Amino acid sequence: MPASEPLLTSPSNAPRRQHTGAREALDLLASMRFAITLLCVICIASVIGTVVKQNEPLNNYVNQFGPFWASLFEKFSLFTVYSASWFMLILAFLVLSTSLCIARNTPKIIADLRSYKEHLREQSLHAFHHKADGALAMDSTAALGRASEVLARHGWKAKAQVRPGGTMVAARNGRINKLGYIAAHSSIVLICLGGLSDGDLVVKAQMWLSGKSSFDGAGLIRDVPAEHRLSSKNPTFRGNLLVPEGGRAGTAILSMPDGVVLQDLDFDIELKKFVVEYYDTGMPKLFASDIVIHDHAGGAPRTATVKVNEPVFHNGVAIYQSSFDDGGSKVSLLAQPLSAGGKPFELSGRVGESSQLSNGADKLTLEITALKVINVENLNAPETGGTDVRKVDLGSTLGKHLGSGVSLDKTKTLRNVGPAITYKLRDASGQAREFHNYMVPMTLDGRRVLLAGVRESTAENFRYLRIPVDESDSIDSWLRLRRALDDPQSRAAAARRYASLATPADKPEMAEQLRITGERALALFSGSEAPVKGMTEPTGGLVALSQFIDGSVPEAERSRVAEVLLRILNGSLIELNQLARERDGLKALEAGDAAEAFMTQAVMSISDSYFYPAPMLLQLNGFDQVQASVFQLARAPGKKLVYLGAVLLIFGVFAMLYVRERRLWIWLSPMEASPAGQTRVMMALSTPRRTLDIDAEFEQLRAELLAPAGAAPVTGDTP
């Protein structure tokens with residue numbers, strides 16, 4: 001053969017199966033490892049969606065995680081996991097992968113269910129783990145009847161094949177195990193399809209196809225344009241509807257990542273009465289709404305009662321009692337200026353409305369945001385950090401109020417502390433602080449105080465100013481002393497009186513020095529004088545005294561000077577309080593434990609009040625409550641798929657875990673070189689997993705089949 005002659009390759013050596021890219025992709029999609037990977041990713045995403053609060057305002061996430069991480073998390077839609085496009089895409093791939101897996105394996109499973117495998121050779125029975133060999137003192141026909149009777153008694157389905165050398169009986173039990181595989185995988189498909197159909201996917205698809213967009217503005221619902229509204233024929237949605245007592249509404253609000261979309265309904269809900277019942281502790285035990293449904297198609301109005309976990313259904317829409325809110329209660333407030341010269345004044349408004357206030361040249365906008373009539377708080381909870389302000393105990397927040405600490409024991413005492421008003425004061429630049437003031441005083445650490453809370457943003461807990469009340473449960477005495485501190489003449493008169501009373505009789509030359517020190521201490525405490533030379537903004541309170549001592553007294557003398565200065569300050573404040581009471585025609589405050597406790601709390605509270613970021617305190621004087629119900633409305637056709645999937649999942653898991661598929665073969669053949677009428681019996685059992693129950697079942701079948709009365713001795717090889 002010439003050296004240059006090419007070698008020929010036999011066609012039989014060429015690969016007979018070539019995988020194309022599409023085939024490999026299909027195999028990957030239909031593989032178990034791909035489906036398990038998708039399930040793991042969904043589980044991780046669900047954990048993130050559980051740990052990270054969903055659908056909160058972006059500012060809350062910025063305050064919690066910082067600008068960088070909040071921006072990064074927002075790009076990956078971690079704040080709206082369950083409606084994120086990547087989450088929906090994973091669900092879609094899981095449906096596709098599981099469907100392909102079912103399509104590829106179901107024909108094999110059905111074929112296996114129909115087959116008894118009666119064509120198995122008798123020699124193969126010796127290869128099974130569970131096997132036995134023996135003889136029956138009866139002919140083959142009787143032995144076949146005996147085998148059929150034993151198998152039927154134990155629930156086995158059997159099929160016999162007659163061969164020239166004998167009869168092969170093939171039986172099976174536990175075939176439901178195979179159906180469990182199909183049921184479990186089908187349940188995943190149904191549940192995912194139900195979730196996809198009831199999620200935001202359909203709503204987003206409608207918005208994209210019909211040119212709708214989210215609404216991120218403000219105003220009345222009736223004024224929102226049509227491009228932000230969905231048709232009442234929307235097949236699936238889930239939104240909230242707020243209805244005040246005596247009012248009616250027919251437009252639900254669907255929250256979207258970049259705003260809201262309005263869902264018009266084909267009926268209106270009228271709230272006749274909102275009912276709430278309480279336990280003895282003040283905790284609510286029942287929420288219910290008496291409603292009237294007015295269908296736009298006409299017909300008589302339908303009355304119904306919606307309770308928690310007891311929804312009402314109308315036109316395929318489920319109406320759930322979600323929560324309750326204020327429906328526009330009318331409140332009466334008393335504005336108490338903190339500075340001297342300010343006169344108290346009354347104002348009224350409704351929850352949800354705003355009004356203008358004047359603070360000299362500064363203009364403030366008052367926004368009344370909430371009225372809560374019943375506030376059940378734990379006054380003795382230990383302090384915790386990083387808690388949700390909507391779940392925080394009142395006692396916990398007091399540990400972080402504007403000034404001094406509060407001692408809290410670990411016993412839990414739930415108590416209704418009465419109504420509270422929440423409002424915002426917004427300045428001309430648009431910056432707002434939120435305030436939360438209680439209407440009536442409460443007892444904390446054995447002292448009666450009125451709580452006035454403030455926070456910079458909704459991501460923070462309220463910090464409370466504790467204002468002591470006098471014998472008439474009023475804060476007038478505290479306000480009187482607070483305003484007197486802002487009056488230079490009153491401070492000077494109080495310092496003189498204190499100096500005259502505190503000067504020893506044998507040292508009259510100390511009077512002037514005590515007067516000067518007392519007047520200086522009052523000026524520092526009131527914030528009228530800068531504690532350190534060059535400081536442009538006086539601070540006030542005990543902080544100012546501390547800054548003064550740190551900036552003007554040698555370190556070795558600070559402790560002694562602080563003790564003396566505080567003693568002079570306390571004495572001067574007592575005289576200032578007496579002067580203020582005399583000026584208002586009140587009798588002097590009698591010395592005693594009650595007066596001492598009041599002055600101690602007043603000093604600490606006034607010190608904290610200089611950090612209270614408002615020129616006035618708004619007290620709740622009265623209210624006319626109007627309640628509102630918040631309903632969750634859902635049209636969820638996919639829930640039937642989810643319910644069906646849940647039933648199939650339970651059935652499938654039970655079938656796969658608790659039902660074992662078993663196959664049994666019995667070979668019946670006449671015995672050679674033996675008396676007529678004897679039949680040799682060979683039997684073997686196959687199961688995917690060997691258990692003690694399978695061993696016992698095989699032993700029982702062997703005993704009943706091979707050891708009847710008059711049978712020949714039995715030999716076998718069993719575990």
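Close-up 1. Glutamate 699 is partly exposed, with a relative accessible area of 29% (buried means under 20%, exposed over 50%, partly exposed in between, with a 1.4 Å probe and protein chains only). Glutamate 699 pairs with arginine 702, their closest N and O atoms being 3.1 Å apart (a salt bridge is a side-chain nitrogen of Lys or Arg within 4 Å of a carboxyl oxygen of Asp or Glu). Arginine 702 counts as buried, at 18% relative accessibility. Both residues lie in helix H17 (residues 692-706), three residues apart, about one turn of the helix (helices, H or I of at least four residues, and strands, E of at least two, are DSSP runs numbered from the N terminus).

The model is predicted: local features need pLDDT of at least 70 and side-chain atom pairs count only at pLDDT 80 or more, while totals for chains, interfaces and linings use all residues. Residues are numbered from 1 along each chain as its sequence is written, and side-chain values use heavy atoms, leaving out hydrogens and water.

**Close-up 2. A salt bridge between lysine 178 and glutamate 661.** Here the closest N and O atoms are 3.9 Å apart. The pair links distant parts of the chain, 483 residues apart: lysine 178 sits in helix H7 (residues 176-198), and glutamate 661 in the loop between helix H16 (638-658) and strand E25 (662-670). Lysine 178 is partly exposed at 26%, whereas glutamate 661 is buried at 9%.

**Close-up 3. Arginine 426 meets glutamate 367.** This salt bridge has its closest N and O atoms 2.8 Å apart.

**Close-up 4. Leucine 685 in strand E26.** Strand E26 spans residues 679-686, and leucine 685 is buried there at 2% relative accessibility. Beyond its neighbours within four places in sequence, the contacts of leucine 685 include Phe128, Trp156, Leu664 and Phe698 (contact means heavy atoms within 4.5 Å).

**Close-up 5. The largest nonpolar core.** This core has 54 residues, and Leu333, Leu366, Leu573 and Tyr612 have the most contacts inside it (a nonpolar core is a set of buried Ala, Val, Leu, Ile, Met, Phe, Trp, Tyr and Cys residues joined through side-chain atoms within 4.5 Å). Helix H14 (residues 558-583) gives the most to this core, with six residues. Not counting residues up to four places away in sequence, leucine 573 touches Leu481, Leu485, Leu522, Phe525, Met599 and Val603.
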